[in-house]
Amino acid sequence: MSRSIVRQSKFRHVFGQAGKAEQCYDDIRVSKVTWDSSFCAVNPKFLAVIVEASGGGAFLVLPLSKVGRLDKNHPLVIGHSGPVLDIDWCPHNDNILASCSEDCTAMVWQIPDHTPTRPMSEPIVVLEGHSKRVGIVSWHPTARNILLSAGSDNLIIIWNVGTGEPLIIMEDHPDLIYNVSWNRNGSLFCTTCKDRRLRVCDPRKREVVATNFEEPIAVLELDTSNGVLLPYYDPDTNMVYLCGKGDSSIRYFEITDEPPYVHYVSTFSSKEPQRGMGFMPKRGVDVSKCEIARLYKLHERKCEPIMMTVPRKSDLFQDDLYPDTAGPDPAIEPEDWLEGRDEDPILVSLRDGYTPPKSRELKVAKKNVLDSRATPQRSLSSCDGTNLPPQLLEKLLEEIQNLKATVLSQEKRICDLENKLSKYTNGTV
């Protein structure tokens, strides 16, 4: 009598569980724009959702603890003049968020720990370089202040947000770019494109190092739906979660080094279709409940957390479920990365859980525009039609530097006051 062999895996019984009503975020008007991004981004401090807005683009930022019905007067982030298409939290600063929009710009925002009393309209830096709408923003996984943007002009631009300048521009895609994903140390990134080609790009060489592959290592037919799949890969557990836009299920798989490589685990199903999905970084999960992943499902009018849990009887920390994971500190500076150096993420232990650090200010020091851009001729001619004398030019430069120093000191003062206000509102003072 033959017996079927059951594959041994600690993740074979992972199950998904939707949050209770009191754990959901209600009355959120999720954006109806026709774009295939996730519309949601989450980290251990905040939940951000792209929402409907009149007269431009907006997104909502909520502290994770602010569950329940949303106050209709809750302030939004409203700096874009066109619909917001994508948002992404910085992996090295839980208070920094990047956004992009149909207005052809990407913006970087400093989100205060306390809830603002009025809408936020002033980003800390505006990144202008695309000629058409910008649909993708993605932070470098290990280098400080490196951000990638991709637009409908088929360009990929890599920015140093600390200086507000483009570092690398790639023009290797003949059609619309659908998605971009960095590898673990940020030495390469992968793109999918409307021309049905998968490309592996080396940004510092400014070239495509691989286009498509001879054959896939595994093929799985999921369903006949034409909805876009949002994949989330967890490198700590080698699990992949597939969330179909417009679908009402989340399928998850385990990846191994041996054939057949991709192993179906289970499906989490619900009645309501998902408009988008956010994926919590591993440092934000609840290790005391053996939670290995948490997704935030967008409905039409609410956001619902979904916890993926391994059933265990012990209350002790489960070392095998939680290897050291990527922490919040950058492993490398932008100048070193640009020169060709690569570093893996700096890992942290989750044994005692993770406590998000206090707000850290992102310092933006833009280069002097006179150093990088030719000054228009009419501004060089003052009263007599001749060039500015060197003494006057030096005086102007000195005045610009003094103004910059004043602005930086005022920004620091504002940050200090906001942190003080946050302590009072949180009851820590």
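Me: Which residues does Tyr296 touch, not counting residues up to four places away in sequence?

Reply: Tyr296 touches Tyr25, Cys40, Val42, Leu47, Leu64, Gly276, Met277, Gly278, Met280, Cys303, Glu304 and Pro305. Contact here means heavy atoms within 4.5 Å. A word on the ground rules: this is a predicted model, where local features need pLDDT of at least 70 and side-chain atom pairs count only at pLDDT 80 or more, while totals for chains, interfaces and linings use all residues. Residues are numbered from 1 along each chain as its sequence is written, and side-chain values use heavy atoms, with hydrogens and water left out.

Me: What makes a set of residues a nonpolar core, and where does Tyr296 come in?

Reply: A nonpolar core is a set of buried Ala, Val, Leu, Ile, Met, Phe, Trp, Tyr and Cys residues joined through side-chain atoms within 4.5 Å. Buried means under 20% relative accessible area, exposed means over 50%, and partly exposed is in between (1.4 Å probe, protein chains only). The largest such core has 37 residues, and Tyr296 is listed with Ile28, Leu47, Phe59 and Val61 as having the most contacts inside it. At least two residues each come from β3, β4, β5, β7, β9 (105-110) and β24, and β4 gives the most, with 6 residues. There is also a second, separate core of 25 residues, which includes Ile250, Tyr252, Val285 and Met308.

Me: How do you know that β4 is paired with β5?

Reply: Two strands pair if DSSP finds at least two bridges between them. Strands are DSSP runs of E with at least two residues, numbered from the N terminus. Strand β4 (residues 46-51) is joined to β5 by 6 bridges, so the pair passes the cut-off of at least two. The two run antiparallel, and Leu47 has Leu62 of β5 as its bridge partner.

Me: Why are β3 and β5 called edge strands?

Reply: The open sheet has 3 strands in the order β3-β4-β5, with antiparallel pairing. β3 (40-42) and β5 (58-63) each have a single partner strand, so one side of each is left without a neighbour in the sheet. From one strand to the next, the twist averages 15°; the angle is taken between N-to-C directions of axes fitted to C-alpha atoms, on a scale from 0 to 180 degrees.

Me: Which strands are joined to β25 by bridges?

Reply: Strand β1 (residues 15-18) is joined to β25 by 4 bridges, with Phe15 partnered by Thr309. Strand β2 (residues 25-26) has 2 bridges to β25, and Asp26 stands opposite Lys302. Strand β24 (residues 291-298) has 7 bridges to β25, and Tyr296 stands opposite Pro305. β24 and β25 form a hairpin with 3 residues between them. In β25 (residues 302-309), 7 of the 8 residues are buried.

Me: Why are Cys40 and Cys303 not called a disulfide?

Reply: A disulfide is a pair of cysteine sulfur atoms within 2.5 Å. By this rule the count comes to 0 disulfides. Cys40 counts as buried at 4% relative accessibility, and Cys303 is buried at 0%.

Me: What makes Asp94 buried, and what does its side chain meet?

Reply: Asp94 has a relative accessible area of 4%, so it counts as buried. Asp94 is placed in the loop between β7 (84-89) and β8 (96-101). A polar contact of 3.0 Å joins its side chain to that of Arg283 (a pair of N or O atoms within 3.5 Å; within protein, one must be able to donate a hydrogen and the other to accept it, and residues adjacent in sequence count only if both atoms are side-chain atoms).

Me: What makes the backbone at Pro260 and Tyr261 worth a look?

Reply: Most residues other than glycine have a negative phi, and most peptide bonds are trans. The peptide bond from Pro259 to Pro260 is cis, with omega near 5°. Tyr261 has a positive phi, near 70°, and is placed in the loop between β21 and β22. Tyr261 has 26% relative accessibility, so it counts as partly exposed.
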